Amino acid sequence: MNQPAPANRPAPPPAPHYLCFRVVDMQNNMISGRRYTLEWTDVGAQEATRREGTTAADGRTIKITTQGQVAVSLAIAPPSGGQCRSVGQSVQSKPENKPFVATVRLTFNATATTAPQSENHCETLTLRQGRQRVKYVINNVPRVPDGAGWQANHLRNLPYLIVDANTLEVLHAGKGLNDPAKFTGSHTQVSTVEVAVDGVESVGIVLGAAANGDWDEWRRDARNLVMYRLTPEAEGLTIVTITEATLLEPNQALAQLLAAEGIGPQRTARLNGKVWALCTRSYSVQDIRTWITGNLTLPDEHGDLGAWYQVARPSLRQIDWAEQHGKINAGQAAEYRTALTLPATALAANAAALPSPLRMQLSWSELLEPFYSGQIVNVPLPDRAFSQGGEIIIAPLDLTLKLQVGFCDNAGRYTGLSQVEIVARNHPYIYMMLLSACAEAGVNKVEISGMWRPMLGSCLHKLGDALDIVAVDARNDRLAEFRFNNNRVANNALARRFNTLLYEHRYANSAQHIYQFDEYPHSADGRHLNHLHITCRSRRALDPRDTAGYIGPNQQRPLMLPVVFPAANGRGGARPWLIR
């Protein structure tokens, strides 16, 4: 028996697709408050759908839903206002399981106030859909020798920027204003995201400290700091696999080390200590004088912040320095030196025999100069191949910074740099943190075991943002030297104060202040049992108190004569462990 033919069933409705545009400028900054129009025609529809709006704070348009995968066009108004103009390209809406945000990059973002335009001005916009993509992968050295053993090395969270090597446009960065992106991955391999580079003739990457700092800095030396350049494949993904190596290759031309080699979708490149040294800024005394123009600031005896340093009984080193730098005259220097020869019994019986406290303003350029001018003295092993150790003397603070023999072995071994050059690759903020804490706590000696190093541990030392401290002491106190080696900070008043001042400093990255035996929350591990690791926030803008002309409150108050200056009143009590 014949069955009736089934009725024709209607076709299923097209699946919904989605799209959202993100509008940014050439520096990847979000552009908010710009009028736009979105237009598309759903599958089966006879008329176009149109949506108008203004970009949100994150630069995004609304997220639209289309019936089926269709082309969506974007029109956007010039910055001076007026009619929305077409971008000139369209983008396909995306299925539910695919990223739905497309980036529109404006190559002109002036306002009508800063750059008046003719009435018919229309911005040029670049829309990259990802037909051409680039990705960088680094296979890092997983372990390196350190002292008598081996230690891990990884590159997770290393900053980077992917840029147009010709125009220096930033193609991919972090989410915040001028923030770098960060590598992700394992202990042995990290990678960037895939970045759309449609129409870009030459792509490069900015690595490490260069990407973490001011963008103008790497742009001034783009020839060296935009590395591993390549022309992407005409279609699809081009991957650059960079292999980190401990071999220094001192005779290898820099241009060869910075090149991406090969053809096709798979390219290769090398990363060694010579490249690490190149992408980590070396600071000079002139850099400090130009940039950090203010003075050391400390709380006075009332707890008020001021730009004065004062000590009741200066040491011979402080007296000599103050005279040589014009802080006091020869007659005053003689009085201070004479006071040093008086026995303690005479001083106790006649306090009037003491001259007034030595009071002086100390500029940051004066305090930081020894770090950036190679002033390492009393070197114990001058014939050692690298990392010979020695002392950095900060005379106005009567402070000795002892550099352990081997404190920069990793950097010396893999870059060939001298220890003077390595000290200059640490960011000034980390030294400012250290000197401020020493001045306020009355510390006269700090022992340092580690600083900038390219192939050991996390990226914090690789950026020049960290120091490892193993001991701290005050010459005239009642306490023994404190060593950060399985000893509890809470049991030593000087170490507790010093530790607190570092943790609370305005430039401190407190989340990366690590010693297993202090009271602060952190994810300390076995490698932080024998030293205090401190980190600075090198991306922070210079604080106003560190600029020229800063005057703290109450600076006209009559001078008091405290036994020790500056006291810590208002910040944890006085300093009973000190006698001067």
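Aspartate 398 is buried, at a relative accessible area of 2%; buried means under 20%, exposed over 50% and partly exposed in between, using a 1.4 Å probe and protein chains only. The model is predicted: local features need pLDDT of at least 70, side-chain atom pairs count only at pLDDT 80 or more, and totals for chains, interfaces and linings use all residues. Residues are numbered from 1 along each chain as its sequence is written, and side-chain values use heavy atoms, with hydrogens and water left out. Aspartate 398 forms a salt bridge with arginine 317, their closest N and O atoms being 3.1 Å apart.

**Salt bridges**

- A salt bridge is a side-chain nitrogen of Lys or Arg within 4 Å of a carboxyl oxygen of Asp or Glu.
- The whole structure holds 23 salt bridges.
- Arginine 317, the partner of aspartate 398, counts as partly exposed at 26% relative accessibility.
- Arginine 281 pairs with glutamate 217, with 3.8 Å between the closest N and O atoms.
- Arginine 281 sits in the loop between helix H5 (273-278) and helix H6 (285-291), and glutamate 217 in helix H2 (residues 215-220), so this pair ties together parts 64 residues apart in sequence.
- Helices (H or I, at least four residues) and strands (E, at least two) are DSSP runs, numbered from the N terminus.
- Arginine 281 is partly exposed at 31% relative accessibility, and glutamate 217 is partly exposed at 29%.
- A network of salt bridges links Glu217, Arg220, Arg281 and Asp287.
- Arginine 60 and aspartate 58 also meet through their side chains in a salt bridge, at 3.9 Å from N to O.
- Arginine 60 is partly exposed at 32% relative accessibility, as is aspartate 58 at 37%.

**Helix H15**

- The expected span is 1.5 Å times one less than the number of residues in the helix.
- In H15, 9 of the 12 residues are buried, so the helix is largely enclosed by the rest of the structure.
- Among the buried residues of H15 are Arg497, Phe498, Asn499 and Tyr503.
- Packing partners of the buried H15 residues include helix H13 (428-441), strand E28 (445-450) and strand E29 (466-473); contact means heavy atoms within 4.5 Å.
- At the start of H15, a side-chain oxygen of asparagine 492 comes within 3.1 Å of the backbone nitrogen of leucine 494.

**Helix H8**

- Helix H8 (residues 330-341) has 12 residues and reaches 17 Å from first C-alpha to last, close to the expected 16 Å.
- Ala333, Tyr336 and Ala339 are buried in H8.
- Seen down the axis of H8, the buried residues fall within an arc of 120°, so they line one face of the helix; the arc is that of the directions from the helix axis to the C-beta atoms.
- These buried residues of H8 pack against helix H7 (316-324) and strand E25 (358-360).
- At the start of H8, a side-chain oxygen of asparagine 329 reaches to within 3.1 Å of the backbone nitrogen of glycine 331.

- Strands E10 (residues 143-146) and E11 (residues 149-152) run antiparallel and are joined by 4 bridges; two strands pair if DSSP finds at least two bridges between them.
- Aspartate 146 has glycine 149 in E11 as its bridge partner.
- The hairpin has 2 residues between its strands, and glycine 147 takes a positive phi near 65°.

Definitions and conventions. Polar contact = N/O pair within 3.5 Å; in protein donor to acceptor, adjacent residues only side chain to side chain.
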